[in-house]
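This briefing walks through one protein chain by topic. Keep the structure open while reading.

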Amino acid sequence: MLEVHGLDQRHGARVALAGVSLRLPAHQSPALPGPNGAGKTTLFQVLTGMLAADAGEVLVAGISLRDNAPAAWRRIGVVFQQPALDLTVRRSLLL
């Protein structure tokens, strides 16, 4: 369902992700533990399309997030811990 190949992401001179690759089959509920500053939030932002990776590829059900984000987004659901967008409930559900 989710494939990540060689993700790199920098925040200025700071390396947040370096060559991250993973594969998660459908119907899995993985955990992503780690200390502050380990890159968890950056990885999540890239996986949801909120942030474009500097390098690498994210595939959602075989659909490239970089090449066809709307089609990839239709295959995933995200519930944010804190509001990231100022949307109405209706608009959030449609998105």
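β1 and β2 pair in the antiparallel sense, and eight bridges link them. The model is predicted. The protein has three helices and four strands. Along the sequence they follow the pattern β-β-α-β-β-α-α.

**The sheet**

- The four strands form an open sheet in the order β2-β1-β3-β4, with antiparallel pairing. β2 (14–24) and β4 (63–64) stand at the edges. Each has a single partner strand, so one side of each lacks a neighbour in the sheet.
- α1 packs on this sheet and touches β1 (2–11), β2 and β3. The direction of α1 makes about 120 degrees with that of β1.
- The hairpin of β1 and β2 has two residues between the strands. Gly12 in this hairpin takes a positive phi near 65 degrees.
- β3 and β4 run antiparallel and are joined by two bridges. Leu59 has its bridge partner in β4, namely Ser64.

**Helix α1 and its buried face**

- Which residues of α1 are buried? They are Thr42, Leu43, Val46 and Leu47. Seen down the axis of α1, these buried residues fall within an arc of 135 degrees, so they line one face of the helix.
- An α-helix has 3.6 residues a turn, so residues three or four places apart point the same way.
- The cover over the buried residues of α1 includes β1, β2 and β3.
- Thr42 lies in α1, which spans residues 40–47. Thr42 counts as buried because its relative accessibility is 9%, under the 20% cut-off.
- Leaving aside neighbours within four places in sequence, Thr42 is in contact with Gln9, His11, Ala16, Leu17 and Leu51.
- Gly49 follows α1 and has a positive phi, near 80 degrees.

**The nonpolar core**

- The largest nonpolar core has 13 residues. Leu2, Leu7, Val46, Leu47 and Val58 touch the most other members.
- β1, α1, β3 and α2 (69–73) each supply at least two residues of this core.
- In soluble globular proteins, nonpolar side chains tend to be buried together.
- What does Val58 touch, not counting residues up to four places away in sequence? Its contacts are Leu2, Glu3, Leu7, Val46, Leu47, Ile63, Ser64 and Leu65. Among them, Leu2, Leu7, Val46 and Leu47 also belong to the core residues that touch the most other members.

**Gly56 in β3**

- Gly56 sits in β3, which covers residues 55–60. At 29% relative accessibility, Gly56 counts as partly exposed, because that class lies between 20% and 50%.
- Gly56 touches His5, Gly6, Leu7 and Arg66, not counting residues up to four places away in sequence. Leu7, one of these contacts, is a core residue.
- Gly56 and Asp8 are 48 residues apart along the chain. Their C-alpha atoms are separated by 6.3 Å.

**Positive phi outside glycine**

- His27 is not a glycine, yet its phi is positive, at about 65 degrees. His27 lies in the loop between β2 and α1. It counts as exposed, with 82% relative accessibility.
- Ala61 also has a positive phi, near 55 degrees, and is a residue other than glycine. Ala61 is found in the loop between β3 and β4. Is Ala61 buried or partly exposed? Its relative accessible area is 31%, so Ala61 is partly exposed.

**Whole-chain figures**

- The protein has 95 residues, and buried residues make up 22% of them.
- Take the contacts between residues at least 6 apart in sequence. Of these, 45% join residues at least 24 apart.
- The accessible surface comes to about 7,000 Å². Carbon and sulfur atoms account for 54% of that surface.

Terms used: Residues numbered from 1 in each chain as written. Predicted model: local features only at pLDDT ≥ 70, side-chain atom pairs only at ≥ 80, totals over all residues. Heavy atoms only, no water. Buried < 20%, exposed > 50% of the residue type's maximum accessible area, 1.4 Å probe, protein only. Contact = heavy atoms within 4.5 Å. Pairing = 2+ DSSP bridges. Axes fitted to C-alpha atoms, helices over the stretch in contact; angles between N-to-C directions. Core = buried A, V, L, I, M, F, W, Y, C linked by side-chain atoms within 4.5 Å. Arc of directions from axis to C-beta. Areas by Shrake-Rupley, 256 points an atom, 1.4 Å probe, with all protein chains shown as cover.
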